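Visitor: Hello! I am new here and would like a close look at the aromatic rings and what surrounds them. Could you take me through that part?

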Amino acid sequence: MSTRILYLFSSAATPVFDVARVIEEAQADGWDVCLGLTPTAARWLSESLDGLAVLTGHPVRWDYRMPGQPDLWPEPDAIVVAPATFGTVNAWALGITDKWLVGVVAEGIGKNIPIAVMPCVNRAYTAHPQWDRSLETLRSAGVRVVYGEGGFMPNEPGQGDPAAYPWQAALGAVADVLGRA
């Protein structure tokens, strides 16, 4: 049984449709993976959620549990947030935790959990003045941002290739961050 617990958190960007393969790759690297999604990503993958739960051995989560309900996931050794959309990155950096996934990673900073994030945005979003501020906020909080050379490179709107999303860079970054923790 794996001893390293990885929370793999994904937003609603088209690379999320490849998450089963990514889970299998992480498992092959010795991770016990728990999959968390934004509500929209959960809707996109609604027909696959049961299969993803079987694959990981854990329920797929996308919403806060009710007070008093037990947490069915083990504590993480590390968290990867990929693909991370414009909305997820900005909400996290600003501390807006109305979505469960953002609440967990916001709290994860305070718990000193090694975290890596790899965005999936187009150049129109990156032109927004909040974008660079949000990335810098996360970096300054100790989050490994996998963006730019060696990570995710933004494309023109409508020109992205989901198959080219560099999942291995995100998984490698969290292993690197864990090694330094």
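**A close look at the aromatic rings**

Guide: Let us begin with Arg4, which lies over the face of Trp31, 4.0 Å from the ring centre. A charge counts as sitting over a ring if NZ of Lys or CZ of Arg is within 6 Å of the ring centre and within 35 degrees of the ring normal. Before we go on, please note that this is a predicted model, where local features need pLDDT of at least 70, side-chain atom pairs count only at pLDDT 80 or more, and totals for chains, interfaces and linings use all residues. Residues are numbered from 1 along each chain as its sequence is written, and side-chain values use heavy atoms, with hydrogens and water left out.

Another arginine, Arg61, has its charged end over the ring of Trp73, 5.5 Å from the centre of that ring. Trp73 also belongs to an aromatic cluster, together with Tyr7, Phe9 and Trp100.

The structure has 11 aromatic pairs. Rings of Phe, Tyr and Trp (its six-membered ring) pair if their centres lie within 6.5 Å; planes under 30 degrees apart are stacked, over 60 edge-to-face, and the rest tilted. Tyr7 and Phe9 make a tilted pair, because their planes meet at 35 degrees, with the ring centres 5.6 Å apart.

Both partners are buried (under 20% relative accessible area; exposed is over 50%, partly exposed in between, with a 1.4 Å probe and protein chains only). Tyr7 has a relative accessible area of 5%, and Phe9 has 0%.
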